[in-house]
Amino acid sequence: MIVKTANLNLYYGSFHALKDIDLSIKENLITGIIGPSGCGKSTLLRVFNRMNDLIRGVRVTGAVLIDREDIHSPICDLILLRKTVGMVFQRPNAFPLSIFDNIAYGPRVWGITDKKTLRDIVERSLAAVDLFDVLKGRLKESALSLSAEKQQRLCIARLLAVEPEILLMDEPCSALDPIATGKIEELMLELKRKYTIIIVTHNMQQAARIADEVGFMLLGELIEFDSAKKIFTNPSDKRTFDYISGRFG
Amino acid sequence: MDRHFDEELQKVKKNVLEMASLVDESITKALEALKNRDLKMASEVKEIDHRIDRFEIAIEDQCIELIARHQPVGTDLRFLIGVIKMNNDLERMGDHAVNITGSVAFLIEQPRIKPVSNIWSMVVEVKKMLNDSVKSFMNNDAEMAQQVCERDNVVDEMRDETIRILLTYMLEQPDKIGSAIPLLLVAKNLERIADLATNICEDVIYIAQARVIKHHAEEQK
């Protein structure tokens, strides 16, 4: 599923947060968005499932196309959009429910009540994030009893349970230690076989390690968008080089 | 932990192995071309050299990308730096094989001389050094690499002996100088290939044990 933006602008009241963003994100790749704090990368990420709609005073102009459909069109089904485009946040936000109920939550919202079907979905989703073998005997325990890394995996599994196509990840490892970060990165590399992943990260090394394509943002502008190899070995724009080489940011 | 990075390193290793087997093939064919005065085989060596050149560029590119994107440290860093260096050595070996074939067209015009058996013994030894250097790289075997380095002296002696034999031959039969001089150059090229195999082994020791043995660096400490 291809994601495209054309002349995308976003305003928080009078503040111009995203400026003329033209972007094309390919399917089954990991696309990393990097840039200093306040550059608009999380705002851009939230555009793709219209999470910014929840903020008062937001105004968006330009087009955002997902699979050739404009997500700001009046006929766009917002609930279906957020099912198709799932999001993982900085801190794991497991619900205060059992591990099983966390995963089954989405499918139940979508009307699945058959116990066997739900069990299958839970098993499949946990297996996709490499947690089923570890947790199969603990499905009734509270999800909050898990480590931060396992909770983050659980949150990813919860997304997968509703069969999304695009995964948005907003600093998904910022609350994790280096070993847990490594495990989540490995998981992302596995998941990209089936899903299109867009990740916002402060951690430039993380983008370098896992992203196939990288966009560098500064003050609301997309300065450069290219393959990770090009960005990290020979960026076209001096500002990108200055940022990735630690000269600012 | 970083399984994907390990897979990338394995891909680099596989490319080095493929490049080394092309180098081996080019040396074999270069000597065959010389022995049989076979211009067609000489041009095959040039073709193989183009493929070796493409490998050199691809491997260098792979290493630069991995360094830029993964910021490797320790063994991983030494591995990539070592590969960049041996990549260059393998490419140079391919060039020496082409140099050997450079005499073939000239030799066709010259009378045949009696076989110089030393050159063929040198070929065997040099190819063994190349194969063992690659094997030591594949197995990360510093001990084997050290043994290959020590064999470089054997090749140097073989070269000196070959030169002595050829000089004596030229003095005795000045009308065959044209046939003998290309063989001097072959001996020189083979000896350079052995030097480059030694360089590869020095890199293997650096990768495996973080020891720098070139230029007698350890003795100078």
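1. Let me start with the interface: 10 residues of chain B are in contact with 11 residues of chain A, where contact asks that the C-beta atoms of two residues, placed from the backbone, lie within 7 Å. On the side of chain B that touches chain A, the elements giving two or more residues are α1 (3–36) and α2 (39–70) of chain B. The most comes from α2(B), with 5 residues. By type, this side of chain B holds 3 nonpolar, 3 polar and 4 charged residues. Nonpolar here covers Ala, Val, Leu, Ile, Met, Phe, Trp, Tyr, Cys and Pro, charged covers Asp, Glu, Lys and Arg, and the others, Gly among them, are polar.

2. A word on what you are looking at: this is a predicted model, in which local features need pLDDT of at least 70, side-chain atom pairs count only at pLDDT 80 or more, and totals for chains, interfaces and linings use all residues. Residues are numbered from 1 along each chain as its sequence is written, while chains are lettered from A and ligands numbered from 1 in the order in which they are written.

3. On confidence, the complex has an ipTM of 0.76 and a pTM of 0.84 from the predictor. Chain B has a mean pLDDT (the predictor's confidence in each residue, from 0 to 100) of 93, with 98% of its residues at 70 or more. Where pLDDT is low, the predicted coordinates should not be read in detail.

4. Now the fold of chain B. The chain has 9 helices and 0 strands, taken as DSSP runs numbered from the N terminus (helices H or I, at least four residues; strands E, at least two). The C-alpha atoms of chain B fill a box of roughly 65 × 40 × 20 Å along the principal axes. Of the contacts in chain B with a separation of 6 or more, 80% are between residues 24 or more positions apart.

5. Burial comes next: 37% of the 221 residues of chain B count as buried. The cut-offs are 20 or more other C-beta atoms within 10 Å of a residue's own for buried, 12 or fewer for exposed, and partly exposed in between, with C-beta atoms placed from the backbone.

6. Take I27(B), in helix α1 of chain B. I27(B) counts as buried because it has 24 C-beta neighbours inside 10 Å. Beyond its neighbours within four places in sequence, I27(B) is in contact with A97(B), K127(B) and I193(B).

7. L66(B), found in helix α2 of chain B, has 22 C-beta neighbours inside 10 Å and so counts as buried. Not counting residues up to four places away in sequence, L66(B) touches E8(B), P72(B) and L80(B). L66(B) and V12(B) are 54 residues apart along the chain, with their C-alpha atoms separated by 9.8 Å.

8. Finally, please look at helix α6 (residues 142–150) and helix α8 (residues 177–209) of chain B, which pack at an angle of about 155° with their axes 8 Å apart. α6(B) is therefore roughly antiparallel to α8(B), a term for angles over 145 degrees. Residues of α6(B) including A145(B) and C149(B) meet residues of α8(B), among them C201(B) and I205(B). The contact of α6(B) with α8(B) divides into 9 nonpolar, 3 polar and 1 charged residues.

Technical notes: Axes fitted to C-alpha atoms, helices over the stretch in contact; angles between N-to-C directions. Parallel < 35°, antiparallel > 145°, perpendicular 65-115°, else oblique.
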